[in-house]
Amino acid sequence: MFPEELRPEDYMRLALKEAQKAWDCGEVPVGALMVESLTGRVIAKAYNQRELLRDPTAHAEILAITQAAAHYDDWRLTPVTMVVTLEPCLMCAGAIIQARIPKVIYGADDPKGGAFRSTHQVLVHPGNNHRPEVVPGILAEECGAILKDFFLRRREEKARKKEQSGGADGNGNSLLN
């Protein structure tokens, strides 16, 4: 999988650094890496940028896949392992299958939209022409915590803004009725 001196946890910590970059930009904190399986070299890294790019497809996984495809000048990404902090969604799972990525390592499960085992089983569907090996739960607590903290802060900010506006919805309409 990787050179012996580098463990999946080491790569997940790098992916968490990408997730922190997303948080710092106001994006949902998900980070992804593409790692050459034989050498252990990181050839792509990305974080969610949907808000920044105004692009619904700008998930960390999609951006990392695009970078890796450019690196290899090929859409087939068979020499890499994807490391991502959150269970891939339907869109990202489809891209993983299309890119022929042989292995996916992820941190936290996504109970609302995960496409490995949480809500859909896309990555392991027997009808797929390619099914990657999937290793879930690497640094799951840390990967889940950054997401929980992000959404908790977001809810607190929303409540604070609502309070400051006197319970109005931004259009002057009371939310108290």
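## A buried ring to start with

At 6% relative accessibility, F150 counts as buried, a label that means under 20% relative accessible area, with exposed over 50% and partly exposed in between (1.4 Å probe, protein chains only). F151, with a relative accessible area of 31%, is partly exposed.

Before going on, a word on the model: it is predicted, so local features need pLDDT of at least 70 and side-chain atom pairs count only at pLDDT 80 or more, while totals for chains, interfaces and linings use all residues. Residues are numbered from 1 along each chain as its sequence is written, and side-chain values use heavy atoms, leaving out hydrogens and water.

## The chain as a whole

You will find five helices and five strands in the chain, where helices (H or I, at least four residues) and strands (E, at least two) are DSSP runs numbered from the N terminus. Their order from the N terminus is α-β-β-α-α-β-α-β-β-α. Along the principal axes, the C-alpha atoms fill a box of roughly 60 × 35 × 30 Å.

Of the 177 residues in the chain, 46% are buried. A contact means heavy atoms within 4.5 Å; among contacts between residues at least 6 apart in sequence, 58% join residues at least 24 apart.

## The nonpolar core

The largest nonpolar core has 51 residues, and M12, M34, I65, L77, M82, V83 and I101 touch the most other members. Such a core is a set of buried Ala, Val, Leu, Ile, Met, Phe, Trp, Tyr and Cys residues joined through side-chain atoms within 4.5 Å. Elements giving two or more residues to this core include α1 (8–24), β1 (31–36), α3 (60–72) and α5 (140–164). The most comes from α3, with seven residues.

I65 makes a handy place to look around. Setting aside neighbours within four places in sequence, I65 is in contact with M34, L77, M82, A95, I96, A99 and I101.

## Aromatic pairs

The structure holds three aromatic pairs. Rings of Phe, Tyr and Trp (its six-membered ring) pair if their centres lie within 6.5 Å; planes under 30 degrees apart count as stacked, over 60 as edge-to-face and the rest as tilted. The rings of Y106 and F116 have centres 6.0 Å apart and planes at 75 degrees, so this pair is edge-to-face. Y106 lies in strand β4 and F116 in the loop between β4 and β5 (133–135), 10 residues apart. Y106 is buried at 0% relative accessibility, and F116 is buried at 12%.

F150 and F151 also pair edge-to-face, at 5.2 Å centre to centre and 80 degrees between the planes. Together with W23, F150 and F151 form one aromatic cluster.
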